[in-house]
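Q: Can you walk me through this model? I'd like to go region by region.

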Amino acid sequence: MSWLRREDQEDREVHSLSPWATRSRDSGGRRLPEEEDSLRTTFQRDRDRIIHSTAFRRLQGKTQVVAAFEGDHYRSRLTHSLEVSQIARSVANALQLNGDLCEAIALAHDLGHPPFGHVGEHALDELMQGHGGFRHNAQGARVVDTLEDRYGYGYGLNLTQMLRRSLLKGRVPDGFPLALDLLPKQPPPLEAHVVDLCDKIAYLAHDLDDGLRAGLFVIDAARELRLWREAEELAGTPLRHRVVSRITGLLTTDLVETTDSALRYRLLSSGPPRITHSDARTVAANELLEFLRERFYRNERVLTVMNAGAAAIRARFLGLLADPSQLPESHRGRIRGAGVERVVCDYLAGMTDRYLLRRS
Ligand code: MG
């Protein structure tokens, strides 16, 4: 058998993927037209550009829930993104959606996250009121479109339109500076919805794992959850890793089965079906989320670290606004075009937890 060229892979997508899938040939192209690669499809190339970006490497120093510097075994945004990508690939494979696109979206989906998780995000959004606000998904698009200027074109990573559009799932603050071709917002492909739900599966399972590991709650408390009880019975052991892995499996299989029947009975002409869990699993997943909110996300030990991070963001923001000459030269050069508030916000959002605290 001879090697597979890009065109062969594209042909294969046409024949093997579901009619609901996004084919590489429908990627919407790049803002700056480029010659196609001989080996890789456009989405595989998007994925590789994301992996080689600075923002991607910085995910290792960004907090998921437990601050990245508290221990080596907790999830960081980097390992979280890898877990999302792995689950999303499995789901895409099973549903015959485009796994390469899912993988690229998953690896990029948190690129816009500031240090100190959602608490950090909230702090930046408040500071940016009246200047376009802040949200991590919109910032992700800004990172790949503008801030990571790896090719020197002024088009960021010059990713495909479909990938960029996929990063904008969820609310975008009014006045947030997006590339003009992303406005007005267009519906993202099904692959983006898959990643969104796999993101949730990943964090529900791994936050349960990290919360137990950190000793913030015990297995007996987790047994309140019907998902835990079912998974423990299936695993035949209360061992944390084994039960958590079963929970991931239960939610993932449910997502595939429920979505598969939705795809099967939906005519192409009636518009895309919803990627969704069954009602029973949705209830069980929400129960787990509520449990994590109470015992993990709002735990005092977690919040103390997060709030200190948010305070550092606020102090640094005001300090840089008062004296923008402290900004690195590469950022100062963008003040005239983007405004000093946005440039300060971009600079802070790009920082890892450790870098922010070291600089404060
Ligand atoms: Mg995520």
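Q: Which residues are buried in H6?
A: Gly117, Gly120, Glu121, Ala123, Leu124, Asp125 and Leu127 of H6 are buried. Buried means under 20% relative accessible area with a 1.4 Å probe, protein chains only. Helices are DSSP runs (H or I, at least four residues), numbered from the N terminus.

Q: What do the buried residues of H6 pack against?
A: They pack against helix H4 (77-95), helix H7 (136-147), helix H14 (300-322) and helix H17 (340-350). Contact here means heavy atoms within 4.5 Å.

Q: Before I go on, what sort of model is this?
A: This is a predicted model, where local features need pLDDT of at least 70, side-chain atom pairs count only at pLDDT 80 or more, and totals for chains, interfaces and linings use all residues. Residues are numbered from 1 along each chain as its sequence is written, and side-chain values use heavy atoms, with hydrogens and water left out.

Q: OK, metal next. Which residues coordinate the magnesium ion?
A: His80 (NE2), His109 (NE2) and Asp199 (OD) coordinate the magnesium ion, at 2.2 to 2.4 Å. Donors are N, O and S atoms within 2.8 Å of the metal (3.2 Å for Na, K and Ca); water is not among the atoms, so sites may look incomplete.

Q: Where do histidine 109 and aspartate 199 sit?
A: Histidine 109 is in the loop between helix H5 (99-108) and helix H6 (117-127), while aspartate 199 is in helix H9 (residues 190-213). The pair is 90 residues apart and links distant parts of the chain.

Q: Are those two buried or exposed?
A: Histidine 109 and aspartate 199 are both buried.

Q: How does H9 pack with H12?
A: H9 and helix H12 (residues 240-264) pack at an angle of about 160°, their axes 10 Å apart. H9 is therefore roughly antiparallel to H12, a word used for angles over 145 degrees. Axes are lines fitted to C-alpha atoms, for helices over the stretch in contact, and angles run from 0 to 180 degrees between N-to-C directions.

Q: What classes of residue make the contact of H9 with H12?
A: By class, that contact has 13 nonpolar, three polar and three charged residues. Ala, Val, Leu, Ile, Met, Phe, Trp, Tyr, Cys and Pro count as nonpolar, Asp, Glu, Lys and Arg as charged, and the others, Gly among them, as polar.

Q: New topic: is tryptophan 20 buried or exposed?
A: Tryptophan 20 is buried, with a relative accessible area of 12%. Tryptophan 20 lies in the loop between helix H1 (6-16) and helix H2 (42-51).

Key: Helices (H or I, at least four residues) and strands (E, at least two) are DSSP runs, numbered from the N terminus. Buried means under 20% relative accessible area, exposed over 50%, partly exposed in between (1.4 Å probe, protein chains only). Angles under 35 degrees count as roughly parallel, over 145 as roughly antiparallel, 65 to 115 as roughly perpendicular and the rest as oblique.
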